[in-house]
Amino acid sequence: MTGPCIEAVALRKDFGPKTAVRDLTLSVPRGEVFGFLGPNGAGKTTSIKMLLGLVRPTSGGGRLLGEPIGTTRARARVGYLPEHFAFHEWLRGRELLRFHGRLLGLGGPALEASIEALLRRVELLDAGDRCLQEYSKGMRQRIGLAQALLGEPELVFLDEPTSGLDPLGRLLVRDVIRELRARGTAVFLNSHLLSEVEVTCDRVAFVKEGRVVRAMTLGAAERDLEVELRLDRSSAAVVEGLAAFGRDVREDGGLVRLRVDGEERLPEMSRWLAAEGVGLYHLAARRRSLEDVFLEVMG
Amino acid sequence: MRAVLTIAHLTLAEARRRRILAAALILGAAFVLLFALGFHFIVRDVRAHAPSAAQQGLVLSIIVMAALYAANFLIVMTSVLVTVDTLSGEIGSGVIEALCTKPVPRWAVALGKWLGCWAVLALYASLLCGGVLLVARVVGGYTLPNAARGLPLLLLEGTVLLTLALAGGTRLTTLANGVTVIGLYGLAFVGGWMEQIGTVANNATARYIGIAASLLVPSESLWQLAAHHMQPPLARDLGIGPFSPMSVPSPAMVAWAAGYVLVALAVAVRSFGSRDL
């Protein structure tokens, strides 16, 4: 099957006079690991809930794996780990997965084998027969992750999957996301941990006040470089000249900073400075982190 | 249908694992045992003092009906308590989210919950009513008339309140739902007595208000109808004894109550299906 795995067009949700999501328009291709970023209250969880049919959009529409959102068909090949994964605490780990597997239409030895594999994957094989109320916060999150992976979904929504996890648990989630990508499963990741998003996602979208304000690919070539220069002298003419190589040129405590769109700009700049007779004492360039971009987008 | 059965199975398993079923069945059995003990001594006294078999039968019938009246109250309360939290609790805690994002329609979730709770109710009602019947037969040699007609009405009464609690749970918090459904039962209870007293006092207004309350919540009228069926023929025909209704509800009330259950279930399904989770 081709076509995007998530397609949302002008999805909007009002709760009375309050607008939680103003305009969710995005498209996520199959097999992509997609990061969904924004500050608290930006409407990220409501957006996920609309896509999954938990919340009815006030207007707009969308499709999951080609099926209209809100239908059972749209959820047939979709896994979901809610932000605060709650479950029937009186169940045992294996029973929880069995129950959710049955709701997916699975059963028999195939389901049992899948449960064992998933328990092993989230490192809960020994705790599978323990009651969930005895699980630690991290164990609960991991059993929730296993639940989301039941039935080999084509698309997995992970809403803050590393919340409550220790560094090893976070590593496990990161590895699981990589495995999902390797087998062509799309992942819709909502996370506050930008460093994690940076290493796991192919592409991200920034949500602000209920609207997708920017989407970008996270390849190295796609992001600006932040350049820092120390010169023997600086003048309005030098600053103006440097602006030809990039943008956002500013002087800051004896340093000149600017943003350029590629590494090839660096030798060009140093040659121009030499030609202008300006002494260059220090030149440093670093790729802008996702946090830099986030702070810029969120203002 | 498979999803309905899976949810019903989970609801039953929850009742079992959280010891709701054990508490209901153990205390239900205690109720039957206590009744058996009391009934044993009453039977001994009645046989020693009542002159005729007819009089003995009448006294024993009153005792058995008193036990069923208590059982009826327990069935009503249990039907509400078992159901009151099943949807509202899971909506409040967020458990419902992982459930309703599975490829299962919401109506199947609501129907599965209803079926699971109803199974608990049916088990409990069977234990209580079956126990009372068995004790009456074995200890007192008394066979309740028309038990096959009367006892299903008690189950239907529990089903009415259970379905109301399910429907309420789609929108109300657990506590608000419990207070509402018990309050509605209270209205029907008072209405039922207004109907009886209005009949005795020949006060048409009181009677009509009572009937209106019964139409609003057809629980008490089902008990009145069941009690009417299960009286000994003499008490039923003459309307004597504390459990003989003065105003016998129409048999159409059974159809009304059955329709009421279906409509309340449809409301529950629709309300749950259209709400945000």
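I started with the largest nonpolar core, which has 154 residues; A:Val187, A:Phe188 and B:Val132 touch the most other members. Helix α6 of chain B, residues 106–140, gives the most to this core, with 17 residues. I note here that the model is predicted.

I then looked up the partners of A:Val187. Leaving out residues up to four places away in sequence, A:Val187 touches A:Val33, A:Phe34, A:Val156, A:Leu158, A:Ile177, A:Leu180 and A:Arg181. I also found a second, separate core of 9 residues. Among its members are A:Val227, A:Leu229, A:Leu258 and A:Val260.

**The sheet in chain A**

Next I traced an open sheet in chain A. It has 4 strands in the order β12-β13-β11-β14, with antiparallel pairing. Which strands are at the edges? They are β12 (247–252) and β14 (280–287) of chain A, and each pairs on one side only. Neighbouring strands of this sheet are turned by 15° against each other on average, direction ignored.

I checked one pair of strands in detail. Strand β11 (residues 225–231) of chain A is joined to β14(A) by 7 bridges, and the two run antiparallel. Across this pair, A:Val227 stands opposite A:Ala285 in β14(A). A:Val227 is also one of the residues of the second core.

**Helix α8 of chain A and A:Ser270**

I moved on to the helix on this sheet. α8(A) lies across β13 (255–260) and β14 of chain A, and runs at about 160° to β14(A). I picked A:Ser270, which lies in this helix, residues 265–275.

Why does A:Ser270 count as partly exposed? It has 14 C-beta neighbours inside 10 Å. The cut-offs are 20 or more for buried and 12 or fewer for exposed, so a count of 14 falls in between.

Which residues does A:Ser270 touch, not counting those up to four places away in sequence? They are A:Leu280 and A:Leu283. I also looked up A:Leu229, which is 41 residues from A:Ser270 along the chain. Their C-alpha atoms are separated by 9.8 Å. A:Leu229 belongs to the second core.

**Chain B as a whole**

I turned to chain B. Its secondary structure comes to 12 helices and 0 strands. The C-alpha atoms fill a box of roughly 70 × 45 × 30 Å along the principal axes. I compared the radius of gyration with the globule rule: a compact globule of 277 residues would have a value near 19 Å, and chain B has 20 Å, which agrees.

Buried residues make up 49% of the 277 residues. I also looked at contacts in chain B with a separation of 6 or more: 79% of them are between residues 24 or more positions apart.

**Helix α10 of chain B**

How many of the 11 residues of α10(B) are buried? I found 10, so this helix, residues 220–230, is mostly covered. The buried residues include B:Glu220, B:Trp223, B:Gln224, B:His228 and B:Met230. I listed what they pack against: α3 (53–83), α7 (147–169), α8 (174–200), α9 (204–216), α11 (233–238) and α12 (252–274) of chain B.

**Where the chains meet**

Last, I went to the contact between the chains. It takes 21 residues from chain A and 19 residues from chain B. On the chain A side, helix α2 (residues 93–103) gives the most, with 4 residues. By class, that side has 13 nonpolar, 5 polar and 3 charged residues.

Conventions. Residues are numbered from 1 along each chain as its sequence is written. Chains are lettered from A and ligands numbered from 1 in the order in which they are written. This is a predicted model: local features need pLDDT of at least 70, side-chain atom pairs count only at pLDDT 80 or more; totals for chains, interfaces and linings use all residues. Two residues are in contact if their C-beta atoms, placed from the backbone, lie within 7 Å. Ala, Val, Leu, Ile, Met, Phe, Trp, Tyr, Cys and Pro count as nonpolar, Asp, Glu, Lys and Arg as charged, and the others, Gly among them, as polar. The radius of gyration is taken over C-alpha atoms; the globule rule is 2.2 Å times the number of residues to the power 0.38. Two strands pair if DSSP finds at least two bridges between them. Axes are lines fitted to C-alpha atoms, for helices over the stretch in contact, and angles run from 0 to 180 degrees between N-to-C directions. A nonpolar core is a set of buried Ala, Val, Leu, Ile, Met, Phe, Trp, Tyr and Cys residues joined through C-beta atoms within 7 Å.
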